[in-house]
Amino acid sequence: MLVQKNAGRFVNLLFVIVLALALATPALASFGPSTYQAAKRVLGEPNFISSSAATTQNGMYAPGGVAVDPTTHKVFVADSQNSRVLRFASLYSLANGAAAEAVLGQPNFTSNTVATTRNGMSVPYGVFVDAGGRLWVADTYNNRVLRFDHASKLASGANASAVLGQPNFTSNAALTTRKGMSGPSAVFVDAGGRLWVADTVNSRILRFNSAAAKASGANADGVLGQPNFISSNSATARNGMAYPYGLAVDAAGRLWVADMVNNRVLRFNGAATKANGANADGVLGQPDFTSSTNATTRKGMFEPFGVAADSAGFLYVADYANNRILIYKAAAGLPNGSNASYVLGQASFTSNAANYNGLSAKSLNSPFGLFYDPLSKVLFAADQYNHRVLMYGTPTH
């Protein structure tokens, strides 16, 4: 009898301890930034020490972008040199080297033909999935952006639902107009349903209000980086850009732009309300708005290609030619030219070797596009010339 009472007391005590620990432990983001940390998952390769290009169901060839569907948690990858977008199962269930479940831009997993059609693509670099489950694709060499409705349910080789940048699905002229594009490389849809496009060769950012309701070939509603819709001059100025490759809009409506040739990231506060050609409000990677020197330092950059931002105020920059990802804490409040807080892909802020210290879960080789998923709280990176996508952090449910 005494043994049973003591056993019962022990079970009750254990339950109280476990409950107390659970209540006392704060809810932590699953990706906590720290320098030179290892990725937790890899797609496109069977492990962290392989880096072969492939045109298969579980292989990639120089991926440029990655995004997560907020409605299904499925992962989309712009497999650039294969001229396709791969769709993977929910990020919560992915294992290293997982096979894709569907492909868009190609009829199957073993073809990589370039095409200017409703179901074809030509070197797509950027992808984004909006709150309605629509996939947006920066179909770079076709000078257009494609929209795929209900993307997580589409069969392989499905047709796009609409196109921007071109009047139809069979034209691909490079244009500098209100409805044209030249080499768009990144897309982002903000909380207000506005589509932002890094129109790279035109050295500008286009804004399409209520983008999902736009008809094919519709006009853009705003432009940054140029004073109007018919200019395309590269500039190192507060209101200019030179081949912007990446962009993201944070929860406060700030637009962040990876201004690649200028070796900097620009910040536009309240971007949706800015007039055409408006000035940027801040710059990282350079001490001011008229400098553009590349550097391998804590405050410098060398051809940044991608950016991402999270709700905790961290900014992530794919510092492409430095083979690293820079992380800025409380980025929106930093003075111009501030130091980065952490770095991934390198052990310090002064090294920039591709696959530093050997190909591994910690190394990078020309990181291109970034995506921070606000629901699972993990960071994705398209590690372009390792032909893989890395996931940093363990997803929270």
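Student: Leaving aside neighbours within four places in sequence, which residues is Phe380 in contact with?
Tutor: Contact means heavy atoms within 4.5 Å. This is a predicted model, where local features need pLDDT of at least 70, side-chain atom pairs count only at pLDDT 80 or more, and totals for chains, interfaces and linings use all residues. Residues are numbered from 1 along each chain as its sequence is written, and side-chain values use heavy atoms, without hydrogens and water. Phe380 is in contact with Val66, Val68, Val75, Leu91, Gly369, Leu370, Phe371, Val389, Leu390 and Met391.

Student: How many residues has the largest nonpolar core?
Tutor: A nonpolar core joins buried Ala, Val, Leu, Ile, Met, Phe, Trp, Tyr and Cys residues through side-chain atoms within 4.5 Å. Buried means under 20% relative accessible area (1.4 Å probe, protein chains only). Phe380 and Val75 are among those with the most contacts inside the largest core, which has 87 residues.

Student: How many residues are in the second, separate core?
Tutor: It includes Tyr316, Ala318, Leu344 and Ala361. The count is 19 residues.

Student: Which residue in S16 stands opposite Asp259?
Tutor: S15 (residues 255-259) and S16 (residues 264-268) pair in the antiparallel sense over five bridges. Opposite Asp259 stands Arg264.

Terms used. Buried < 20%, exposed > 50% of the residue type's maximum accessible area, 1.4 Å probe, protein only. Pairing = 2+ DSSP bridges. Helix = DSSP H or I, 4+ residues; strand = E, 2+ residues; numbered from the N terminus.
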